[in-house]
Amino acid sequence: MHHTPLQGAAHRDFHQRSIKRLIQILRITQIALLLVSILSVVAGNYSDAILIMATGIVLFVVDWAVYKKHSVAGAAFFLVSLTLMLSWLAWQGSGIRDTALLGYCAVLVFSASLGNKRLLVALLGLMVSLLLVIAYVNDRGIYHHQIEPTNLLTGSIVVIVLVVVGMAAWQFADDYRAALDELALDNERMKAAKGHIEHMALHDPLTGLPNRIMAQQNFESLYQTAQSHKQQLGIIFIDLDNLKPINDSLGHQAGDQILKEVALRLLSYTKSVDQVCRFGGDEFIVFMPNIQTEEDASTASLEILQLVSETYLYRNIEIFCTCSIGIALSPQDGEDLDTLIKKADIAMYHSKDSGRNSFRFFNAAINRNMLDHISLISGMRRALQDNQFSLYYQPKIDLQQNRICGLEALLRWNHPEQGFISPATFIPLAESSGLIIQLGEWVINDACRQAKIWLDAGILDFSIAVNISSIQFKRGNIDSIVLNALASAQLPPQFLELEFTESLLIEDSERLVHTLAILRSEGVHFSIDDFGTGYSNLGYLKKFEVGTLKIDQSFVRKMDDQTGDAAIVKAIIQMASSLGLKTIAEGVEDAGTAALLRSLGCNEAQGYFWARPMPAAEIENFCLNWQKIC
Ligand code: C2E
Ligand code: CA
Ligand code: CA
């Protein structure tokens with residue numbers, strides 16, 4: 001038989017108890033046999049006395065058997081001996097009517113309690129055969145048993161036998177009661193454990209709120225009620241805005257504390273645990289029944305925004321945490337929870353985009369845009385693995401000496417279905433999804449690798465410029481990424497230039513100062529891209545030792561208009577030269593603009609007038625031909 005560990009233990013317990021009982025009953029029986037044999041001596045019945053006494057002594061064999069771990073054999077020996085003794089007493093006495101035969105019952109009860117069917121059947125068989133033998137010899141007149149008149153001895157024997165039977169029966173009943181109690185207790189424990197497991201499966205362990213699975217059940221009943229009352233059910237998707245920085249700066253305990261507190265605040269708002277759910281890390285969902293108009297859902301969302309944004313206290317520190325909310329309404333936005341949550345989630349992203357700590361309704365037009373974006377972002381992830389990205393290069397021209405003085409690396413995505421996708425489309429998405437970190441690292445590595453090839457081929461006597469997004473500075477360890485790329489390409493740092501926009505410098509953080517100082521000291525060049533469109537704060541330019549200003553194409557392209565853009569360009573060039581900075585104009589499309597820039601003293605220029613961005617092989621030819629021409 002196979003037992004689970006728990007059943008096995010119970011089984012062992014029961015077995016131990018049976019052995020204990022066997023020994024107890026053995027002792028009681030031996031005492032009873034002693035008493036009966038004394039009584040027999042008193043009555044002058046010496047042969048009975050000797051037999052009974054002998055049996056009592058022989059029964060010590062059972063102790064030995066139990067000691068040798070043959071408890072079943074011991075029990076069998078015990079019961080067979082008793083049966084034989086009782087039968088012998090009956091044979092000696094009044095045959096079938098002998099009181100000794102009462103002892104058969106005790107033997108059978110005990111044997112039954114051992115649970116050994118073979119032994120029970122064997123004993124029963126033995127008893128019946130012995131009785132049949134006695135009955136047969138009586139009937140055939142072979143041997144006649146005397147029916148003695150009842151005396152004190154017979155009476156005492158009956159009493160003793162009854163006491164033994166009674167005690168044995170009581171003990172068995174006790175055992176079964178104990179076993180039943182145990183079972184009831186086990187059952188109780190099982191029920192409690194089952195309840196606990198069910199609760200765990202349906203609730204979030206941290207906040208105790210219903211989890212997604214439970215939310216599904218709650219949604220169904222709320223949805224039914226709303227339907228029958230012809231009302232709308234609002235799905236309010238709540239995403240905390242700044243749990244990550246709290247976790248990062250104060251530790252996860254602080255984050256956990258905030259989550260618990262948010263859960264309590266939401267519960268205090270809904271007053272019903274069925275309407276709140278912790279959906280994921282820092283996401284909660286609130287179901288709002290009784291929605292008549294969008295206005296109702298707006299009011300609810302505003303109140304939740306208010307509640308969540310109240311200060312939190314953690315170890316006497318005041319913490320601020322806001323949330324962004326997306327709302328979907330059923331049935332208009334969907335009838336199943338999955339769809340509704342998806343739409344509320346999209347709306348939530350929209351409210352994150354528009355500055356956080358706000359709420360937005362789901363809107364089909366935004367949805368389409370969002371879905372396109374999401375598919376582009378996942379496409380970009382694949383593109384990185386599948387080598388769909390490549391770098392194009394556009395030459396920079398020295399206006400005074402008319403020679404190539406640099407190359408700008410520009411990223412291209414050759415999408416397998418959509419063809420070339422403009423970086424103006426995918427770079428902002430890469431930035432918002434954080435993918436720019438990996439993508440940017442690929443760009444730096446590939447540009448350095450290519451630059452080293454050209455350097456070794458003698459084509460390169462200028463630097464290659466790589467565009468760096470400010471996200472890369474803020475989130476990535478850009479200094480080590482750049483230094484690693486230079487080292488693994490074995491490219492001397494002065495052949496690398498980083499282009500970034502002014503907005504980065506405005507932040508003026510300690511970390512940025514440090515990062516730029518490291519790269520600067522290695523010999524990497526910097527230039528400010530799209531100059532003139534931002535704050536144009538010259539103080540920063542000096543502080544960060546930027547070498548070059550790239551005048552934004554929007555001014556360059558309108559220089560020949562009367563819009564005053566030529567004046568702006570002129571001012572930038574003059575300012576830069578007085579600060580000792582180089583200027584480069586981008587977006588030069590015609591000879592006139594080139595000539596004008598040259599006359600204004602602009603150092604370098606870049607644009608379709610000379611060349612469009614080209615793949616590496618083409619730009620290589622372009623450079624070689626240029627050398628020949630000049
Ligand atoms: P940007 O850094 O200002 O790059 C100059 C853009 O102007 C390039 O567009 C270039 O092809 C285009 N251009 C150059 N000369 C002319 C011209 O004469 N006329 C006109 N109309 N356009 C000209 P592109 O390659 O489409 O790149 C767009 C923007 O995407 C870049 O602007 C840059 O901000 C970003 N980008 C491109 N590659 C990368 C990259 O590897 N990393 C990062 N972070 N951003 C990149
Ligand atoms: Ca650029
Ligand atoms: Ca630019």
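This is a predicted model: local features need pLDDT of at least 70, side-chain atom pairs count only at pLDDT 80 or more; totals for chains, interfaces and linings use all residues.
Buried, as I use the word today, means under 20% relative accessible area. Phe-279 has 16% relative accessibility, so Phe-279 counts as buried.

My topic is the aromatic rings. A pair of aromatic rings is described by the distance of the centres and the angle of the planes. Searching the whole structure gives 16 aromatic pairs. I will go through two of them, then a cluster, then the charges.

Start with Phe-78 and Phe-110. Their ring centres are 6.0 Å apart and the planes stand at 70 degrees; over 60 counts as edge-to-face, so that is what we call this pair. Phe-78 belongs to helix 4, residues 71–92, and Phe-110 to helix 5, residues 103–114.

Phe-237 is in strand 1, residues 232–240, while Phe-279 is in strand 2, residues 276–280. They are 42 residues apart, and this pair too links distant parts of the chain. Phe-237 has 1% relative accessibility and therefore counts as buried.

Phe-279 also has a charge over its ring: the charged end of Arg-212 sits there, 4.0 Å from the ring centre. Elsewhere, Arg-612 lies over the face of Tyr-608, at 4.0 Å from the centre of that ring.

Last, the cluster. Phe-389, Trp-413, Phe-426 and Trp-442 are joined into one by ring pairs.

Notes:
Residues are numbered from 1 along each chain as its sequence is written. Chains are lettered from A and ligands numbered from 1 in the order in which they are written. Side-chain values use heavy atoms; hydrogens and water are left out. Rings of Phe, Tyr and Trp (its six-membered ring) pair if their centres lie within 6.5 Å; planes under 30 degrees apart count as stacked, over 60 as edge-to-face and the rest as tilted. Helices (H or I, at least four residues) and strands (E, at least two) are DSSP runs, numbered from the N terminus. Buried means under 20% relative accessible area, exposed over 50%, partly exposed in between (1.4 Å probe, protein chains only). A charge sits over a ring if NZ of Lys or CZ of Arg is within 6 Å of the ring centre and within 35 degrees of the ring normal.
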